[in-house]
Amino acid sequence: MRNYIVFVACLGAVFSLAPLAIDMYLPALPTMAGYLDASIDDVEASVSIFLLGFAVGQLVFGPLSDRFGRVPMLLSGLGLFVAGSVLCALATDVGLLYAFRFVQAIGGGASVVVFPMVKDRFDEKGVAQVLSYIMAVVVIAPLVAPIIGGYVLVMAGWQPIFYGLAVYGGLVLLAVRLLIEPWRKPADRKATTLSASVGRLMSGYRDVLANGPAMAHILVGAFAFAGLFAFVAGSPFVYITWFGVAPENYGLLVGLNAFAMLAANIVNARLLHNIQPTRKAVVGAFILGGVGVMLLAFNALGLGLAWIAAGVVAYVGMLGLVATNSIAGALAHFSEDSGTGSAVYGVVQFGLGALSSFVISALDSTDATAMVAVMAGCGTLALVSAIPLCLTPTRIAGATAHSAKEFPNGSS
């Protein structure tokens, strides 16, 4: 049990890299703009740069972990994240900030190996349970990151925020190195030519993209999360400008969403762990689509902030059921290329999330309509993506032998 808790805590800390790196420096953006002699819009673009680099990192580290091992690739990425964080603190103009943020993000993209690391050790139901616990840990990061960043900014300036991220990344690297033992070595480490390696990489991606049931799982989870990105992009206007919520209370409403997702992940891990993940993902997607329609109705009827906020809480909470079980179901279709499958999942998720955010920014926001419409559209697309899974027999890929309750002593 101790090793199980250590395993979950370490991988939760790894998976928290992205939300911490995105949210911790947000309070400092105006200060950074003045220091770097750039507009606030130019500095805000560093968020998009991070998302792009994070996607690239997943595309690189996911497949490489299939060949060279999970832990070595994760340690390499963490080292790159630490270096990029230090360099961001040393940036003297916005161009350097972009470059160093990209380096930091590529390193952070190594967190994609969390999924295959879990899949290596557990069967499909165990994967869903462990990922629920990991996501319960991760939910804490976006809650505390802006608060920590704001206090650090006031007390020491914006640069220590990035130094703090470097320290965090270094501590996580040390924990992984000391506490997470490699589960198995890759089957083939023989030297190959560059063309052969690239060919193997492309072949792995083709195999994932051609796997219909796996891609259906991936799209269910990605469309569901795209609705969350739409909320993140649209909620400041909707809550603060349209409904008149005080800025200091905005975080409390967002915190309700995080607690809802935390509760859903715990329920998924503790009460629903014996139910097959695909079934839970499908049920969750149908509920998500229904919640999206309810949000549209609440807005059309002009029911006010309380109803919209409650609908959003229900939507985000349901992500705790949909997202975790979607990735568990997707990885069950791969015995050798789970790192590549995880990379595809991450890139599709962040790609659709970026698209939904762009749609929100492109629409003329005069009330809550744009936000709830995009969220409802994403929920509906998640539902549509889940329909093929209702018609597909359950398939569990072969190599994992341990359930979450059978975590071997001494193998963390």
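Leucine 51 touches Ile22 and Phe350, leaving aside residues up to four places away in sequence; contact here means heavy atoms within 4.5 Å. The structure is a predicted model, in which local features need pLDDT of at least 70 and side-chain atom pairs count only at pLDDT 80 or more, while totals for chains, interfaces and linings use all residues. Residues are numbered from 1 along each chain as its sequence is written, and side-chain values use heavy atoms, with hydrogens and water left out. Leucine 51 belongs to helix H4. In space, leucine 51 and alanine 354 are 8.2 Å apart, C-alpha to C-alpha, although 303 residues apart in sequence.

The protein has 17 helices and zero strands, where helices (H or I, at least four residues) and strands (E, at least two) are DSSP runs numbered from the N terminus. Among contacts between residues at least 6 apart in sequence, 86% join residues at least 24 apart. Of the 412 residues, 53% count as buried; buried means under 20% relative accessible area, exposed over 50%, and partly exposed in between (1.4 Å probe, protein chains only). The accessible surface comes to about 17,000 Å², with 70% of this belonging to carbon and sulfur atoms, as computed by the Shrake-Rupley method with a 1.4 Å probe, where for residues only the protein chains shown count as cover.

Next comes H4 itself. At 1.5 Å a residue, its 29 residues should span 42 Å, and the end C-alpha atoms are 41 Å apart, which agrees; the expected span is 1.5 Å times one less than the number of residues. Aspartate 37 has a positive phi of about 55° although it is not a glycine, and it is exposed, with a relative accessible area of 72%. Just after H4, glycine 69 takes a positive phi of about 105°. Leu59, Val60, Leu64 and Phe68 make a nonpolar surface patch of about 270 Å².

Rings of Phe, Tyr and Trp (its six-membered ring) pair if their centres lie within 6.5 Å; planes under 30 degrees apart count as stacked, over 60 as edge-to-face and the rest as tilted. By this rule the count comes to twelve aromatic pairs. One of them, tyrosine 35 with tryptophan 158, is edge-to-face, at 5.4 Å centre to centre and 70° between the planes. Tyrosine 35 lies in helix H3 and tryptophan 158 in the loop between helix H9 (140-156) and helix H10 (159-179), so the pair ties together parts that are 123 residues apart in sequence. Tyrosine 35 is partly exposed at 47% relative accessible area, whereas tryptophan 158 is buried at 2%. Phenylalanine 50 and phenylalanine 54 form a stacked pair, 5.9 Å centre to centre with 20° between the planes. Both lie in helix H4, four residues apart, about one turn of the helix. Phenylalanine 50 is buried at 1% relative accessibility, and phenylalanine 54 is buried at 5%.

Definitions and conventions: Patches are made of residues with over 30% relative accessible area and no salt bridge: like charges are joined within 9 Å, nonpolar side chains (Val, Leu, Ile, Met, Phe, Trp, Tyr) within 5 Å. A salt bridge is a side-chain nitrogen of Lys or Arg within 4 Å of a carboxyl oxygen of Asp or Glu.
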